[in-house]
Structures are given as C-alpha cells and as structure tokens.
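Student: I am new to this structure and would like to learn how to read it. Where do we begin?

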Amino acid sequence: MSSNRSSLLAKEAKTSYIWIQIKNGLIQQVEEELSAVCPIIHREMSGTGKGSSKNNPIHLPEEVSPAMLSLILQYWKFHLIPGHSDKERRSFDEKFVKTNTDDLLELALAAHALQLRPLVDLTSGALARRIGGCSNDEIRKIFHVPDDLTEEEKLKHLKNPTNDPFIRLLNQSLARKRKKWKEQNELKNIDLLNKQEDTRPIEDLLEFINGKDKGTCKSKKENRRRKSQAQNSSVNDLDMTDRQDSTTIPSNDDSYSEGYSDQEKMRENDRIVADFARKLNVVDYY
C-alpha cells in the first residue's frame, strides 16, 4: 500500500498544469497533457506563452461553459490513461453520450470550438442517431433553429448531380407535396374571392336577387321602347294606306255607278276588305 501511494504522489509531483479561463471569468488549472489533444491550447502555449501563470491564463472560446469543460476533462482523462482496452473505451463512450439532447448538443459545440476531433465525431454521431427519422420541423425544434423558410422553399426541388437514387425518390415526394400545396392555395384563393364584400347599393342587390338586375332592366326597357316605336310606325303607315284606299273607293253617284256592274262592285269591295284585314294582322304582329 505504501509503495502504491508513493508512486501516485511521485506522479502527481511530476504532473505539470496550465491555467485556463472560461467565459464566466473562472480561472482554473488543468493538466498540461490536455494541450497534446487540444490544438487551441497548444497554439496558445507555444505561440504566446500563455497559461504558465494565473495572471496570464489561456482564454477558451465562449462555447465552452464550466459544465462542458468538466465533461471534456472527464473524457480526456479516461482516454489519456494507458491500459484501457478498446472494449472498455467503447463502453465508456456509449455511457458518456447518454445524456439529454440539449447537453449533448452543447457538448458537441464546445468540442468543435476546441477542435477536439475525436469528441466531435462521438457527439455528432450520437446526435445523428437521435434525429434519424425525424421530420424537418422536429429537427428544428431539437436544435432550436427558427423556421424562417416559406412553404415553397421547403418543397423546392433538390439538385442531384450524381443521380443519387435516394435524392430522386425525395424529389418525387417533394413534387407530390408541391402539387398538393398549389391545389390547396388555389382553393383558398377561390374562397377569398367568394368572401369578398359586395359594395353595390342595397337596391341593386334586391333587384339582382329578384332576377331584375340593373343591366337587365335597362335592356328590357330599351326593347319595349323599340317595339313601341315599331308599332307606332306601322299604325301610321296603315293610316296613310287607308287614306289612299279611301280615295279609290267608287262613289255612289249615278255617273260613277254607270261604269260598274253590281258584280264588279262586289269584287272591288272584297278586295278592299281583304287588304284592310291583312294590314290589321301586321299591326297585331308588332
């Protein structure tokens, strides 16, 4: 027991530390070994000499909160210790990403800001498995992405330069959705047109309801006026004809009757009556 404790104390004595500062102003020490796997810390140490003292710490990106820094240190401390088998590492990684989606997303962003490629791959893969099969709206909700696209932009045809069969099927589905969306818009436009307010006076609306709208009334009045003019014209023509006919009717004096026989007078009277009846029929027709 004493020998093991001595070795641990000796190891701790040999361990060197660096100073870092996170976004809330907290300054703390971390093992210098972290610089070997974190490019940002390594560049700051070698290029500017920061991290050697508390008064000259290395400033970490704003995406790295104290809680995420604690998880990152926990992850690297396990992986930097030699002697773990691949099975043990895989088991540790599976348990490490079993957290809620918001924390996992924040951890992925922190790892990306620190350029920790192995941790970025681990957290990104876990997120990809969680959103598998989710709709676009569900993915936006998970990642808190605002929905600023129009419906037409969401259904836009996707480019497929490599003729990928999956994208072809997706474009077919988008085409069906676009067609359905356009049909629904057309129905909405028709409903809006039907619901537009009628600004005609109440008198015109009542005439329209009774089948006597303004245009029809004007047309009927005009037709009646023309018919009346035609009838008056026919009556005038008839009067003129009657006057002319009356001048041709044989008189009853003795000098005129001598030139006509009774039979001729009867034929002449029949002709005058027939002609008068024909003219009466014309007036009735109009």
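Tutor: We begin with burial: a residue is buried under 20% relative accessible area, exposed over 50%, and partly exposed in between, using a 1.4 Å probe and protein chains only. This is a predicted model, in which local features need pLDDT of at least 70 and side-chain atom pairs count only at pLDDT 80 or more, while totals for chains, interfaces and linings use all residues. Residues are numbered from 1 along each chain as its sequence is written, and side-chain values use heavy atoms, with hydrogens and water left out.

Student: Is Phe 92 buried or exposed?

Tutor: Phe 92 has 17% relative accessibility and therefore counts as buried. Tyr 75, at 4%, counts as buried too.

Student: How is a pair of aromatic rings described?

Tutor: By the distance of the centres and the angle of the planes. Rings of Phe, Tyr and Trp (its six-membered ring) pair if their centres lie within 6.5 Å; planes under 30 degrees apart are stacked, over 60 edge-to-face, and the rest tilted. By this rule there are five aromatic pairs. In one of them, Tyr 75 and Phe 92, the centres are 6.3 Å apart and the planes stand at 40°, so the pair is tilted.

Student: Which helices hold Tyr 75 and Phe 92?

Tutor: Helices (H or I, at least four residues) are DSSP runs, numbered from the N terminus. Tyr 75 lies in helix α3 and Phe 92 in helix α4 (residues 86–96), so the pair ties together parts that are 17 residues apart in sequence.

Student: What about the rings of Phe 78 and Phe 92?

Tutor: Their centres are 4.1 Å apart and their planes at 10°, so Phe 78 and Phe 92 are stacked. Phe 78 lies in α3 and Phe 92 in α4, so this pair links parts 14 residues apart in sequence. Tyr 75, Trp 76, Phe 78, Phe 92 and Phe 96 form one aromatic cluster.

Student: How are two packed helices described?

Tutor: By the angle between their axes and the distance between the axes. Axes are lines fitted to C-alpha atoms, for helices over the stretch in contact, and angles run from 0 to 180 degrees between N-to-C directions. Helix α3 (residues 66–80) and helix α5 (residues 101–113) pack at about 75°, with axes 10 Å apart. Angles of 65 to 115 degrees count as roughly perpendicular, and α3 and α5 are therefore roughly perpendicular to each other.

Student: Which residues of α3 make the contact?

Tutor: Met 68, Leu 71 and Ile 72 of α3 do, with contact meaning heavy atoms within 4.5 Å.

Conventions
Helices (H or I, at least four residues) and strands (E, at least two) are DSSP runs, numbered from the N terminus. Angles under 35 degrees count as roughly parallel, over 145 as roughly antiparallel, 65 to 115 as roughly perpendicular and the rest as oblique.
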